[in-house]
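Q: Here's the model I'd like to go through. Can we start with the charged side chains and then move to the sheet?

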Amino acid sequence: MRKGLTLMELLVVMSILATLAALLYPVYLRVRARIYETSCANQLRQIGLAIRLYVKDYSAEETPYAMPLFLGALYPHYLSDESLLICPRVWAIVPHEVIERNKWKPHPLVPSWKVLWSSYAFYIPRGFDDAARKRPDIWPFTFAEVFAERGDMTPIAFCEAHRTFPLEAVNLTLPNPHAYRDAFIDPGRPLIILRWGGKVDFVFKGGGIFANRDAVLVHY
Ligand SMILES: [Zn+2]
C-alpha cells in the first residue's frame, strides 16, 4: 500500500499546475477586461439618461447645448451615485483613497465652487465652438456643424480608460502618474462612446496613446 506521492510525482503535478495557470492567465485578463468594459458601458448609459433629464429641466429645445458644463454637476439631482462618474477600470487601478482625496476640484470659472471629478471625457459644445472660431487652423469644424450632420449619433462623452491612460486622470494629483500610465496601456481594448441619442458604442479602431477627443467627435 503506497502512502501519498513520491517527490517525482509531486514535481510532475506542480509543473502541470504551473502550465495550466500560465495558459489560463491571459484568458482571465481578457474576461476581466470585458467585465470592466460592460459595466463602464452601463455607467455611460446611466450618465446619458441623467444628461437627458438635466437638459429637459434646463432648456425648452433639447440639444447638447443645454448639457451641464461638467459631468459632476449631474450629482446628486440627476445621478444619485457619484461613483458612476468614474470608470470601473480606473477604480481598479488607482487606489480608492487617491480618488477620494482628489475627486473634488475647484471650478475653473468659479474657483470657490468645487466640482466632482469624472474619469470620462466630455464635450462642452459652446467651448468647442469658441475654440473653432478662434483657431480654425486647429479645429476646422464646430460642434454645431457636427451635431447638424450627425444628430443622435453625435458623441458627447467617452471613456478612454480601457486602452490608454485616461486624459482626464491627469487631473488627479497622482503621487506617481507614470506608474498608473503603464498599468493602463492595453492597445487591443475599445474606446467606449456615449452618443447624444443615448446609444453606447465600443470602437476598436484608431486612437493613439491619448485618444484625440476632437477626432472622436468627427470620425467615430
Ligand atoms: Zn471605462
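A: Glu82 is partly exposed, at 24% relative accessibility; buried means under 20% relative accessible area, exposed over 50%, and partly exposed in between, with a 1.4 Å probe and protein chains only. This is a predicted model, where local features need pLDDT of at least 70 and side-chain atom pairs count only at pLDDT 80 or more, while totals for chains, interfaces and linings use all residues. Residues are numbered from 1 along each chain as its sequence is written, and side-chain values use heavy atoms, with hydrogens and water left out.

Q: What does Glu82 form a salt bridge with?

A: Its partner is Lys103, with the closest N and O atoms 2.8 Å apart. A salt bridge here is a side-chain nitrogen of Lys or Arg within 4 Å of a carboxyl oxygen of Asp or Glu.

Q: And where do Glu82 and Lys103 lie?

A: Glu82 is in the loop between H1 and helix H2 (88–93), and Lys103 is in the loop between helix H3 (96–102) and strand E1 (104–106), so the pair ties together parts 21 residues apart in sequence. Helices (H or I, at least four residues) and strands (E, at least two) are DSSP runs, numbered from the N terminus.

Q: Is Lys103 buried or exposed?

A: Buried, at 12% relative accessibility. Lys103 also forms a salt bridge with Glu100, at 3.0 Å between the closest N and O atoms. Glu100 is partly exposed at 42%, and Glu82, Glu100 and Lys103 are linked in a network of salt bridges.

Q: How many salt bridges in the whole structure?

A: Eight. Another one of them joins the side chains of Glu37 and Arg189, 2.7 Å from N to O. That pair links distant parts of the chain, 152 residues apart: Glu37 is in helix H1, and Arg189 is in the loop between helix H6 (177–184) and E5.

Q: Buried or exposed, those two?

A: Glu37 is buried, with a relative accessible area of 1%. Arg189 also counts as buried, at 12%.

Q: OK, the sheet. What's the strand order?

A: E3-E4-E5-E6, an open sheet of four strands with antiparallel pairing. Two strands pair if DSSP finds at least two bridges between them. The edge strands, E3 (121–122) and E6 (200–203), each pair on one side only.

Q: How many bridges between E3 and E4?

A: Two, in the antiparallel sense, with E4 covering residues 155–159. Phe122 has Ala157 in E4 as its bridge partner.

Q: Which helix lies across the sheet strands?

A: Helix H1 (residues 7–58) lies across E3, E4, E5 (191–195) and E6, and runs at about 20° to E5. Axes are lines fitted to C-alpha atoms, for helices over the stretch in contact (heavy atoms within 4.5 Å), and angles run from 0 to 180 degrees between N-to-C directions.
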